[in-house]
Amino acid sequence: QYTWFYTNVDDSKRSHFLQPGFTILPPSNAFNIPSFERAHAHFDLHYQIGDLELGRNYYVSRTLKLRPFIGVKGTWQKQDYNVFYETVNVLNTVFDYKARFDQSIWGLGMRAGLKTSWQFSKYIALYGDVAFTGIWLHYDTDRKDTFGAVVNSQQVGNEITTVNIQDHLRLIKPVLEFAIGLRGETYFACGRYHFLVQAGWESQVWINQTLYINLRDHYDRFDLNLQGFTAKIRFDF
């Protein structure tokens, strides 16, 4: 199985008391930053997954089918998080602050799980799937913070870089996968052909997968959660 997914999102906010969720390093100790009044953020996610598995279907009873499996999971992912803050003082000077968090990872790990099918009738079933992966990941992370000043729509001086950090990590992370839904299937032409259609909800949880460089605690950790409605049509012959 191969999964390719790309998404991006923008958001903005205005307030007199905006505070970033991470530590900021000012250009100098004498640099006094007023409260931020405007903020804008952009997030990109490139998500590629490859699963190779070996499993076997068998009947436990007339109403329950199981498919245990083992295999490997490989991934390549990239996250870009860019955030921009502005603050305006009484002299009509705009201070621009930009923070860029980039993360690129690739890895490989062992995957195992169980797929179940609970038959309500000859054609209708409730399916439930679960899988667990312990995956080794190679991280390339970096963070860059810059300050600038604009007076009457004109930039004053060059941007000042206060943070410019790159790091490489090698970690083992857990990945959880869940799925549940309804399935309809039938065999016809003396069992030579099989047709299946199903729809349900699927969720993947990459625990502590997203790492953002923090000036105090070294790293802020966040789960990467993907979930949504999925549908499938299958024909066997």
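Modeller: Here it is, and keep in mind that this is a predicted model.

Biologist: Let's start with Gln77. Where is the place of Gln77?

Modeller: Gln77 sits in strand S4, which covers residues 64-88.

Biologist: And why does Gln77 count as buried?

Modeller: Its relative accessibility is 1%, and the cut-off for buried is under 20%. So Gln77 gets the label buried.

Biologist: What makes the pair Gln77 and Thr75 a polar contact?

Modeller: Their side chains come to 3.0 Å, and the limit is 3.5 Å between N or O atoms.

Biologist: Which residues is Gln77 in contact with, leaving aside neighbours within four places in sequence?

Modeller: That list includes His46, Tyr47, Gln48 and Ile49, then Gln103, Ser104 and Ile105, and also Trp206, Gln209 and Leu224.

Biologist: Lys73 is also in strand S4. Is Lys73 buried or exposed, and how do you know?

Modeller: Lys73 has a relative accessible area of 0%. Buried means under 20%, so Lys73 is buried.

Biologist: What does the side chain of Lys73 make a polar contact with?

Modeller: With the side chain of Asp51, at 3.0 Å. Asp51 is also among the residues that Lys73 touches beyond four places in sequence, along with Glu177, Arg111 and Trp206.

Biologist: On to the nonpolar cores. Which residues have the most contacts inside the largest one?

Modeller: Tyr47, Tyr139, Trp206 and Leu224, in a core of 15 residues. Strands S2 (36-55), S6 (124-151), S7, S8 (193-214) and S9 each supply at least two residues of this core. Another core lies apart from it, with 13 residues, among them Val83, Ala99, Phe147 and Tyr212.

Biologist: What does Leu224 touch, not counting residues up to four places away in sequence?

Modeller: Leu45, Tyr47, Gln77, Gln79, Gln204, Val205, Trp206, Gln209 and Thr210.

Biologist: Now the pockets. What volume does the largest pocket have, and what lines it?

Modeller: The volume is about 1,400 Å³. The lining has 50 residues, and Gln1, Lys115, Asp129, Gln198 and Lys232 lie nearest the centre. Strand S9 (residues 218-236) gives the largest share of that lining, ten residues. By class, the lining has 21 nonpolar, 14 polar and 15 charged residues.

Biologist: And what lines the second largest pocket?

Modeller: That pocket has a volume of about 230 Å³, and its lining includes Tyr59, Arg62, Lys65, Glu185 and Tyr187. Strand S7 (residues 154-188) supplies the largest share, three residues. The classes come out as three nonpolar, three polar and four charged.

Biologist: Last topic, backbone angles. What makes the phi of Ala189 worth a remark?

Modeller: Most residues other than glycine have a negative phi. Phi of Ala189 is near 60°, a positive value in a residue other than glycine. Ala189 lies in the loop between S7 and S8.

Biologist: Why is Ala189 called partly exposed?

Modeller: Its relative accessible area is 28%. Buried needs under 20% and exposed needs over 50%, so Ala189 is partly exposed.

Biologist: What about Asn208, what is its phi?

Modeller: Asn208 has a positive phi of about 55° although it is not a glycine. Asn208 is in strand S8, and with a relative accessible area of 29% it is therefore partly exposed.

Methods
Residues are numbered from 1 along each chain as its sequence is written. This is a predicted model: local features need pLDDT of at least 70, side-chain atom pairs count only at pLDDT 80 or more; totals for chains, interfaces and linings use all residues. Side-chain values use heavy atoms; hydrogens and water are left out. Helices (H or I, at least four residues) and strands (E, at least two) are DSSP runs, numbered from the N terminus. Buried means under 20% relative accessible area, exposed over 50%, partly exposed in between (1.4 Å probe, protein chains only). A polar contact is a pair of N or O atoms within 3.5 Å; within protein, one must be able to donate a hydrogen and the other to accept it, and residues adjacent in sequence count only if both atoms are side-chain atoms. Contact means heavy atoms within 4.5 Å. On a 1 Å grid over the protein atoms alone, a cavity is a set of points where a 1.4 Å probe fits but cannot get out, and a pocket is an open set with protein on both sides within 12 Å along at least five of seven lines; lining residues have an atom within 4 Å of a point. Grid points are joined across faces, edges and corners, and a volume is the space filled by probe spheres set on the points. Ala, Val, Leu, Ile, Met, Phe, Trp, Tyr, Cys and Pro count as nonpolar, Asp, Glu, Lys and Arg as charged, and the others, Gly among them, as polar. A nonpolar core is a set of buried Ala, Val, Leu, Ile, Met, Phe, Trp, Tyr and Cys residues joined through side-chain atoms within 4.5 Å.
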